[in-house]
Amino acid sequence: MDFSRPLFHFSCPIGWCNDPNGFSFFKNRVHLFYQWHPYSTKWGPMHWGHATTTDFVHWKTEPGALTPDSPFDMDGCFSGTALDLDGIHMLCYTGVSKNIQHQCLAFGDGLEYKKIDSNPVVDKRNIPFEYQTQDFRDPKIFKMDGSLYMLCVLKKMDGAGAMVLFKNVSREDFSDWRFVKTIAESKDGKTKMWECPDFFRQGTKDVLIFSPQGMEEDFEKGFHDGNNSVYMLGELDSKTFDFSPEQLSNGMDYAQIDFGLDFYAPETCTLPDGRTLMVAWMSSWESPVTPENLPWCGMMVFPRELPLNGNRLVQNPAREILSLRKKRLTFLVDGGKKKIDVPDAQHFDAEIKIGTGKNLSLKIGDGNFFVSLDYCAEKNILTFDRSHSINGGGKIKKRSAKLFSVDGGQVFLRILVDTNSIEVFANGGEVSFTNAFFIPAVSKNLSIESGGASIDYYELEI
């Protein structure tokens, strides 16, 4: 069967990739590093792959940046972040050696990177309490008030996750870091180890992002079994380093970022124009779906802009995608089913307005291979089903999300479809819903059934 690569999403050039790393702006380009095992399509000793872009659509594969070849990272160069430090590209990552995790640095020019001799720069000597040393990882490096900080996650002795902050004591010595504070930790018993912390300021609020493991499903609050990715809003006091989270719309101090099957380990990048963009691994540990006969395994969500609406993080595709819209087709589905007459449904950008109290069913594919997206007006629920895709859609075949709000009874969906994925942004991006799938290219037709919906369909030219 023919399984083409995605056209406007980043995908692994060969081998395996998972978490995005070092998503950053440096020397007039956006750099995306990623967890990479180049020697097979299975997880293995982690390297850092590297790609660059100027438009988030076309990605240039660069030489690999980090290899597990040193005593402090011989078992893997795990996730981390990057920063433009006065014209030098700083990479901060977790080195793994003999099942011990610690934080390391490398510096480069955007193409070649060299690890510093004093690695690891942060390890158990920097932490004034006991923790599980095999779970201390994923440094987020950032500047605040002229100083350099490193935010990491670790597993406490009781198995719960926590986020700890370190400060660089001397800009002349990047191996000298001081423990500042535990700024957030699991206290409700609903999460276990945390992964992949991120921190940025949006307007007047600070945003903390992390990916908690071991959660139990709570549909009404927006969480699914296993690994989730969540955000907190609040303020990090630059003097006391206390972080005061706000209560969010689900009644908790953290909320789900994306409600789909395939979204994990998000990371942000701030651009010179002021926008904060987010990218994430478009897969899941619980239910991978990439066919095993492909030479590559792993792709990323299309980068998203992150405005706030009150105390809700809003997500929409980076505006650069609009330049790919080459032809607009408008359809009205007013009762019954309509097969959309388009060349194929492999790559499109659609805006759908669903009438008050009306349902919608969208189907991509034909015959034995298809996926579906359904909206139930009575329950205000969106559902994706990939049980008729390759390999039966994996271990987890279906997921639903409850929409937060309905504008005058109408529902607005922005749907971005690439060869192997569908990303849905509901009601202005207040709910995002990301799902991967694999069906043969020849099967990709589009049909929509609704009691009342108008569709603006844009063909994309890459």
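Predicted model: local features only at pLDDT ≥ 70, side-chain atom pairs only at ≥ 80, totals over all residues.
**Aromatic pairs**

I started with the rings. I paired rings of Phe, Tyr and Trp (the six-membered ring for Trp) if their centres lie within 6.5 Å, with planes under 30 degrees apart called stacked, over 60 edge-to-face and the rest tilted. By that rule I get 26 aromatic pairs.

One of these is Trp48 with Tyr93, edge-to-face, at 6.2 Å centre to centre and 65 degrees between the planes. What does this pair tie together? Trp48 is in strand 3 (residues 47-53) and Tyr93 in strand 6 (residues 88-97), so the pair links parts that are 45 residues apart in sequence. My strands (E, at least two residues) and helices (H or I, at least four) are DSSP runs, numbered from the N terminus. Both Trp48 and Tyr93 come out buried. For burial I use relative accessible area: buried is under 20%, exposed over 50%, partly exposed in between, with a 1.4 Å probe and protein chains only.

Next I looked up Phe259 and Phe404, also an edge-to-face pair, with 5.9 Å centre to centre and 80 degrees between the planes. Phe259 sits in the loop between strand 17 (255-256) and strand 18 (264-270), and Phe404 in the loop between strand 31 (398-402) and strand 32 (411-418), so this pair ties together parts 145 residues apart in sequence. Phe259 is buried at 9% relative accessible area, whereas Phe404 is partly exposed at 36%.

I also noted one aromatic cluster made up of Phe129, Tyr131, Phe136, Phe166 and Phe179.

Residues are numbered from 1 along each chain as its sequence is written, and side-chain values use heavy atoms, with hydrogens and water left out.

**Charges over rings**

Here I wanted NZ of Lys or CZ of Arg within 6 Å of a ring centre and within 35 degrees of the ring normal. Arg325 has its charged end over the ring of Tyr458, 3.8 Å from the centre. Lys363 does this with Phe370, where the distance to the ring centre is 4.3 Å.

**Overall picture**

How many helices and strands does the protein have? I find 0 helices and 36 strands. The C-alpha trace spans about 65 × 45 × 40 Å along its principal axes. For 462 residues a compact globule would have a radius of gyration near 23 Å, and the 22 Å I get here agrees. That radius is taken over C-alpha atoms, and the globule rule is 2.2 Å times the number of residues to the power 0.38.

Of the 462 residues, 62% count as buried. I then checked contacts (heavy atoms within 4.5 Å). Among those with a separation of 6 or more, 59% are between residues 24 or more positions apart. Accessible surface totals about 18,100 Å², 48% of it belonging to carbon and sulfur atoms; I used the Shrake-Rupley method with a 1.4 Å probe, and for residues only the protein chains shown count as cover.

**Cysteines**

My disulfide test was a pair of cysteine sulfur atoms within 2.5 Å. The structure holds 0 disulfides. For Cys12, the nearest cysteine sulfur is that of Cys17, 4.3 Å away. Cys12 counts as buried, at 0% relative accessibility. How far is the sulfur of Cys297 from the closest cysteine sulfur? The distance is 7.6 Å, again to Cys17, which is too far for a bond. Cys297 is buried too, with a relative accessible area of 13%.

Most residues other than glycine have a negative phi, and most peptide bonds are trans. I looked for exceptions. Asn119 and Pro120 are joined by a cis peptide bond, with omega about -5 degrees. Pro120 is placed in the loop between strand 8 (113-115) and strand 9 (132-144).

Cys196 is not a glycine, yet its phi is positive at about 50 degrees. Cys196 belongs to strand 13 (residues 194-202) and is buried, with 8% relative accessible area. Asn391 also has a positive phi, about 60 degrees. Is Asn391 buried or exposed? Asn391 counts as exposed at 60% relative accessibility, and its place is the loop between strand 30 (381-388) and strand 31.

Asp366 is in strand 28 (residues 360-366) and is partly exposed, at 36% relative accessible area. Leaving aside neighbours within four places in sequence, I have Asp366 in contact with Lys339, Ser443 and Asn445. His388 is 22 residues away along the chain, and its C-alpha is 9.9 Å from that of Asp366.
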